[in-house]
Amino acid sequence: MIKNLILAATVLLSSSNIATSVSDIAPDHKPLLIGGSSSVSHLLLLLKPNYEEQTNTAMQVRSMGSTKGIKAIAQNIIDIGTSSRYLTNEEQEQYPHVRQIVIAQDALVFFTNKKNNIDSLSVEQLSDIYAGKYKTWQEVNPDYKPETQRDNKILLFSKAYNHGTFDILLEFLNLSFMRVPNGNTIKLKQAGNHGLFPKMEVQMYDEFNQALGIVQRMPNAIAFDSYGAVSQLLGSKKINKINLLGINGVNVSDETIKNGEYTFVRPLILLVNSQSSRSVEQAKVLLNLLKNKRVLDTLSAHHYSLVEAE
């Protein structure tokens, strides 16, 4: 059932018009190709109308994950890459011509179904949950009253391992992972722990909409994603069945992100191929747009905390 839900969500996403038709905007202009982090994609899609209006050129944004975006910009396959994590030391050595420009910071948020009346979890609890130490929600929250015993079993969902968001999960919760062969699942355990991986498997997804659909349907599921992506739906019926969890008693908000109380925060990064004049030029256009008041107001309204780029 879970795999069917993810498959259905994937079909809907792939059929959606993520990339604007070039012929409708500027048939004589080569479109701007951006690829990488799905979290940064949500931000750039808010920027897209202003870019196309100013340049009369189409912007095509592809969500492929930070790791693939890094490789694509390094190989000059796309014009601009995006990442929700810094390049590793190995990647910096391999791709010294890739420049990283932090444009914003975004929080990582965990969410559950509202029927699972948990408001906050500690970092230790989240780590233990994803490491498979808890099997049922009543072990975590004795006040939870599942409608059926099946609803008591914890169902774990995670952004796929090619996404920067997943790397941040491992860092924040001090976890390591193992891929399950021939499937769309992984296993997690505490990093540095030489013990066995648990039997509990974690189902992966690529887009926030996939996780959202699953958690809204399943009272025993937990997932995580970009606060910027989640906040674009706050107040709508599309998200009225999920609960954003606080961490260590601190709820996520613009204020708690800026003052450092909510600590699960990561960078949103533009990647530029310094050997490509087109990549360098288009990066300047995007960075100038990020100084536009109308753009800034739009991004702030969607809870992105912007960083003054170099």
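Let's start at Phe 224, which is found in strand E10. Strands here are DSSP runs of at least two residues, helices (H or I) are runs of at least four, and both are numbered from the N terminus. A word on the source: this is a predicted model, where local features need pLDDT of at least 70, side-chain atom pairs count only at pLDDT 80 or more, and totals for chains, interfaces and linings use all residues. Residues are numbered from 1 along each chain as its sequence is written, and side-chain values use heavy atoms, with hydrogens and water left out.

Back to Phe 224. Is this residue buried or exposed? Its relative accessible area is 0%, so Phe 224 is buried. Buried means under 20% relative accessible area, exposed means over 50%, and partly exposed lies in between, with a 1.4 Å probe and protein chains only.

What does Phe 224 touch? Leave out residues up to four places away in sequence, and the list includes Leu 108, Phe 110, Tyr 130, Phe 157, Leu 169 and Tyr 205. Contact means heavy atoms within 4.5 Å. Ser 277 is another matter: 53 residues from Phe 224 in sequence, and 37 Å away in space, C-alpha to C-alpha.

Now the rings. A search of the whole structure finds eight aromatic pairs. Rings of Phe, Tyr and Trp (its six-membered ring) pair if their centres lie within 6.5 Å; planes under 30 degrees apart are stacked, over 60 edge-to-face, and the rest tilted.

Take Tyr 130 and Phe 224. Their ring centres are 5.9 Å apart and their planes at 75 degrees, so this pair is edge-to-face. Tyr 130 lies in helix H5 (residues 123–130) and Phe 224 in strand E10 (residues 221–226), so the pair ties together parts 94 residues apart in sequence. Both residues are buried.

Next, Phe 172 and Phe 264. Here the centres are 4.5 Å apart and the planes at 35 degrees, so the pair is tilted. This pair also links distant parts of the chain, 92 residues apart: Phe 172 is in helix H7 (residues 164–173), and Phe 264 is in the loop between helix H10 (254–258) and strand E13 (265–273). Phe 264 is buried too, at a relative accessible area of 4%.

Ring pairs join Phe 110, Tyr 130, Phe 172, Phe 224 and Phe 264 into a cluster.

A quick look at H5 itself. Its buried residues are Leu 126, Ser 127, Asp 128, Ile 129 and Tyr 130. Just after H5, Gly 132 takes a positive phi of about 80 degrees.

Some rings meet charges. The charged end of Arg 179 sits over the ring of Tyr 161, 4.1 Å from its centre. Lys 189 has its charged end over the ring of Phe 197, 5.2 Å from the centre. "Over" means NZ of Lys or CZ of Arg within 6 Å of the ring centre and within 35 degrees of the ring normal.

Last stop: two helices. Where do H2 and H11 meet? Leu 47, Asn 50, Tyr 51, Gln 54 and Thr 55 in H2 meet Gln 282, Val 285, Leu 286 and Leu 289 in H11. By class, that contact has five nonpolar, four polar and no charged residues. Nonpolar covers Ala, Val, Leu, Ile, Met, Phe, Trp, Tyr, Cys and Pro; charged covers Asp, Glu, Lys and Arg; the others, Gly among them, are polar.
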